[in-house]
Amino acid sequence: MLGPGARNPARRALLGVMARASHIPAANLVDDAAYRAQWREAGLEVEVFEDASARVFEPFGDWLRRYRAALDPALARRHGWAKYRVTAAFLRWAHRHDVLRYVICAGRRA
């Protein structure tokens, strides 16, 4: 979901580029209020709404580096890692600038 940092036009533009490159529809990028409204419109009541961004976005790049380092060097060279490295860098940037949030939600029928 979008964080408050996504209100910045330059950050929003970079997010748009990454979303298009990742085939993520713009309509899927909503803020907290819109996401909660979607739940209500679906007849759901949010019981848990936990921001797990720090446990997901930041560690992804660290995991990717460790994973690549553990691979056989010949295998590591054969695989195209650029899109994963770009994704890791973007997620770290998006988290540090509060552009995106990774939220865990649970709820029940209202």
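Helices and strands are here DSSP runs, of at least four residues for helices and at least two for strands, numbered from the N terminus. The model is predicted.

1. D98 is found in the loop that joins α5 (82-96) to β2 (103-109). The phi of D98 is positive, about 55°, although D98 is not a glycine. Most residues other than glycine have a negative phi. D98 counts as partly exposed, at 25% relative accessibility.

2. A positive phi, of about 60°, is also found at H23, again not a glycine. H23 lies in the loop between α1 (9-21) and α2 (32-41). With a relative accessible area of 72%, H23 is exposed, because the cut-off for that class is over 50%.

3. Does the length of α3 agree or disagree with its residue count? Helix α3 comprises 18 residues (residues 53-70), which at 1.5 Å a residue should span 26 Å. The end C-alpha atoms of α3 are 25 Å apart, in agreement with that expectation.

4. Where does α3 bend? The bend in α3 is at P59 and amounts to about 40°.

5. Which residues of α3 are buried? They are S53, F57, E58, G61 and L64. An α-helix has 3.6 residues a turn, so residues three or four places apart point the same way. The cover over the buried residues of α3 includes β1 (44-51) and α5.

Terms used:
Residues are numbered from 1 along each chain as its sequence is written. This is a predicted model: local features need pLDDT of at least 70, side-chain atom pairs count only at pLDDT 80 or more; totals for chains, interfaces and linings use all residues. Side-chain values use heavy atoms; hydrogens and water are left out. Buried means under 20% relative accessible area, exposed over 50%, partly exposed in between (1.4 Å probe, protein chains only). The expected span of a helix is 1.5 Å times one less than its number of residues. The bend at a residue is the angle between axes fitted to the seven residues ending there and the seven starting there. Contact means heavy atoms within 4.5 Å.
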